[in-house]
Structure formats: C-alpha cells, structure tokens
Amino acid sequence: MEEQIEFRHWDELIPDALGLIFSNLSLQEVLTVIPSVCKSWRKAVTGPYCWQEVDIEEWSSRCQPHHLDRMLRMLITRSSGSLRKLCVSGLHNDSIFSFITENAGSLQTLRVRRSEMSDLVVERTAGRLSTVTFLDLSYCGKIGAQALEAIGRHCKLLVTLCRNMHPLDAAGKLLQDDEANAIATTMPRLKRLEMAYHLISTGSVMNILASCPQLELLDLRGCWDVKLDSQLMKEKFPKLKVLGPFVMDYYEMDDWDDDCSDYSDNSEYLAWEFEMGDYDDYDIYDGMWHDDEGRFEELELRFYEGNGEEAGILGWPQSP
C-alpha cells in the first residue's frame with residue numbers, strides 16, 4: 001500500500017496568520033524572498049498584516065538616509081493605519097517624522113532614537129500621537145523642553161518616556177532643568193522615566209517625583225549633579241527603583257560610535273527588485289542589504305514557474 005504524503009497548504013493560511021509567521025523573519029527575507037513564493041504570500045506582505053509592528057532600528061542605523069525615508073514611507077503606507085509599533089533610528093528631517101505622525105492613529109510604541117526632528121515639528125504634530133504609551137526620544141539633540149511639553153499635553157496615555165543622552169552632550173555644560181520641569185508639569189501618569197546623562201539638578205528630580213506618583217523606575221545614571229538621600233527615598237518612595245546617578249557598570253551606548261553617515265563609493269551592494277504595490281520606485285532597494293563585513297546573507301529563493309511539476313516533485317505547494 002502506497003504511503004500517502006499529506007502536504008500542508010501554507011498558501012491557504014489567512015493573511016493574519018501569515019503575517020504572524022513572517023514576523024519571525026528578517027526584514028530582508030520578508031521583502032525579497034516571501035513575495036517570490038506564491039501569490040497569497042505576496043499579497044500578505046504587500047498588505048497591512050505584516051506591518052502592524054515595524055522594527056527596523058538595527059537596519060536603519062546602518063543604511064543611507066534616502067533609503068531610510070523611502071523604506072519608512074513604503075512600510076507605513078502598507079500598514080494602512082494599523083501600525084501599532086515603530087522602532088527606527090536616525091530620522092534625518094522633520095518631513096519623515098511628520099509623515100509618521102500622520103499615520104499614527106493606532107500607534108502605541110514609538111522609538112525614534114538619534115533622530116533630528118525639531119521642536120517645531122514635534123509641537124505641531126504631537127496631537128497625532130495621542131494613543132502612544134511608550135516613547136523613546138533618546139539622543140535626539142535638536143529637541144528640548146518645548147517638544148516634551150507638547151508631548152505631555154497631548155499624549156495622556158504615556159507611561160514610559162526614554163530621554164537618555166550621550167555623555168559627551170553633558171561635558172562642560174551648565175545645568176538645564178527645563179526638560180525635567182516640562183516632564184513634571186505635563187506627564188503625571190509616567191511609570192518609567194529614563195534620563196541618563198542629563199544636566200539636571202536634585203530639585204528638578206524631586207519635582208518629578210512629587211508630580212509623578214505612579215513612577216516605578218527612574219534612570220538617572222550619569223546625572224552627576226543629582227544628590228539623593230537613599231534613606232529618604234526608601235521611606236518616601238518605597239516602590240520606586242532608582243538607577244544612578246553613579247554608573248557602576250558599562251552603560252549601554254547602542255553602538256553610538258558607529259559612523260552611519262560615512263558611505264564609501266566603493267562599497268559593494270546587492271540590488272534587489274520585487275513588487276512594491278503602489279510604489280513605482282523599483283530601485284529603492286539598490287544597496288540596502290549590506291552587512292558589516294561586506295558579505296550577504298545566504299538566501300534560498302523558490303520561484304514558481306511553468307505548470308508546477310517541479311514544485312510537486314520538491315514537495316512545495318502549487319502556486320495559486
């Protein structure tokens with residue numbers, strides 16, 4: 001009796017399930033390999049199902065600025081308003097930040113570290129971020145108290161704010177309590193606040209503690225001018241965990257020293273071309289997939305052509 005082989009029809013899974021599965025793959029695989037497998041998979045990756053959570057922070061820290069803008073616009077457009085989480089590094093202008101906020105109706109987590117948007121654009125667009133509960137603005141040197149105050153006024157659901165700075169930003173400068181005061185004035189629901197290497201005083205920290213009664217974690221590593229009485233803190237804020245101000249171990253720099261703006265004209269790039277939905281810029285991916293050592297990931301591409309006989313031999317599902 002011949003043994004019957006049961007094939008799983010992966011191409012018949014609903015888009016939501018496919019999107020969940022594809023979320024375990026790298027960005028490069030989702031954009032270049034998956035669309036080539038079959039029509040239903042291509043439809044899944046060009047729709048919103050794969051892009052409700054977009055984390056391109058690692059990739060964006062090494063890509064060229066114009067590639068980043070175009071990638072963000074494509075992925076956010078594909079999300080069709082369902083974007084819940086966005087993690088990216090190094091936004092280079094106000095325009096792309098404004099575009100993000102225009103599509104932030106469902107956004108809950110926004111991480112835009114090392115970005116160069118201005119106080120002006122944050123003030124103008126903060127009202128569109130009303131659903132955000134987690135916000136990371138670490139190492140964003142062009143914004144200050146004005147931006148934080150606008151965020152506090154409009155983001156009433158915000159419970160986590162990360163506003164860490166680089167140690168070199170504090171070197172030789174005077175105290176600047178305006179950001180801490182803006183946080184204390186407008187963000188009373190915070191549960192987690194990170195302000196590592198900020199030029200703040202003890203008074204402004206106490207102002208935050210008095211204004212944010214739900215605070216559970218306060219990161220003050222590198223805030224050298226803050227002097228807190230440990231006994232008083234234990235008695236008055238028994239549920240609060242404070243990190244710093246002294247740095248007892250290596251502080252996470254997130255590869256800050258990597259110079260992501262230095263692109264050699266001699267760099268080798270691999271050009272990828274694939275369907276982009278409504279986008280007609282088929283050259284957007286030229287040069288995007290480049291690793292630190294100049295090598296590329298080994299990818300297995302399975303193309304469906306002809307009458308599907310080869311697919312049947314190899315045990316792949318027939319392309320719809």
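Author: Helices here are DSSP runs of H or I with at least four residues, strands are E runs with at least two, and both are numbered from the N terminus. By that rule the chain holds 13 helices and 8 strands. The model is predicted, with local features needing pLDDT of at least 70 and side-chain atom pairs 80 or more, while totals for chains, interfaces and linings use all residues. Residues are numbered from 1 along each chain as its sequence is written, and side-chain values use heavy atoms, leaving out hydrogens and water.

Reader: How many residues are in the chain, and what share counts as buried?

Author: The chain has 320 residues, and 44% of them count as buried. Buried means under 20% relative accessible area, exposed means over 50%, and partly exposed lies in between, with a 1.4 Å probe and protein chains only.

Reader: What share of the contacts with a separation of 6 or more joins residues 24 or more positions apart?

Author: That share is 69%. A contact means heavy atoms within 4.5 Å.

Reader: In what order do the strands of the sheet run, and what is their pairing?

Author: The order is E1-E2-E3-E4-E5-E6-E7-E8 in an open sheet, and the pairing is parallel. Two strands pair if DSSP finds at least two bridges between them. From one strand to the next, the twist averages 5 degrees.

Reader: What makes E1 and E8 edge strands?

Author: Each pairs on one side only: E1 spans 53–55 and E8 spans 241–243.

Reader: How do you know that E1 and E2 pair?

Author: They share 3 bridges, in the parallel sense. The cut-off is at least two, so the pair qualifies. Within it, valine 54 stands opposite leucine 86 of E2.

Reader: What links E2 to E3 in the sheet?

Author: E2 and E3 (residues 109–113) pair over 5 bridges, again in the parallel sense. Lysine 85 stands opposite threonine 109 in E3. The chain goes from E2 through helix H6 (residues 94–102) to E3, a right-handed β-α-β crossover. Right-handed means that, with the strands pointing away from the viewer, the path from the first strand over the helix to the second runs clockwise.

Reader: Over how many bridges do E4 and E5 pair?

Author: E4 (residues 134–136) and E5 (residues 160–162) pair over 3 bridges in the parallel sense. The bridge partner of leucine 135 in E5 is leucine 161.

Reader: Why is aspartate 136 called buried?

Author: Its relative accessible area is 2%, so aspartate 136 is buried. The residue is found in strand E4. Leaving aside residues up to four places away in sequence, aspartate 136 touches Leu110, Arg111, Val112, Arg113 and Cys162. Aspartate 136 and asparagine 164 are 28 residues apart in sequence and 8.6 Å apart in space, C-alpha to C-alpha.

Reader: Which residues of H8 are buried?

Author: H8 covers residues 145–154, with Ala145, Ala147, Leu148, Ala150, Ile151 and Gly152 buried. These buried residues pack against helix H7 (119–125), E4, E5 and H10.

Reader: Why is H8 called roughly parallel to H10?

Author: H8 and H10 pack at an angle of about 10 degrees, with their axes 8 Å apart. That makes them roughly parallel. Axes are lines fitted to C-alpha atoms, for helices over the stretch in contact, and angles run from 0 to 180 degrees between N-to-C directions. Under 35 degrees is roughly parallel, over 145 roughly antiparallel, 65 to 115 roughly perpendicular, and the rest oblique.

Reader: Which residues meet where H8 packs on H10?

Author: Ala145, Leu148, Glu149, Gly152 and Arg153 of H8 meet Asp178, Glu179, Ala182, Ile183 and Thr186 of H10. By class, the contact has 4 nonpolar, 2 polar and 4 charged residues. Nonpolar means Ala, Val, Leu, Ile, Met, Phe, Trp, Tyr, Cys or Pro; charged means Asp, Glu, Lys or Arg; the others, Gly among them, are polar.

Reader: What angle do H10 and H11 make?

Author: H10 (residues 178–186) and H11 (residues 202–211) pack at about 10 degrees, their axes 8 Å apart. They are therefore roughly parallel to each other. Ala180, Asn181 and Ala184 in H10 meet Ser204, Asn207, Ile208 and Ser211 in H11. This contact of H10 with H11 has 3 nonpolar, 4 polar and no charged residues.

Reader: How far apart are the axes of H5 and H6?

Author: The axes of H5 (residues 65–79) and H6 are 11 Å apart, at an angle of about 10 degrees. These two helices are therefore roughly parallel. Asp69, Leu72, Arg73, Ile76 and Thr77 of H5 make the contact with Ser95, Ile96, Phe99 and Ile100 of H6. The contact of H5 with H6 divides into 5 nonpolar, 2 polar and 2 charged residues.
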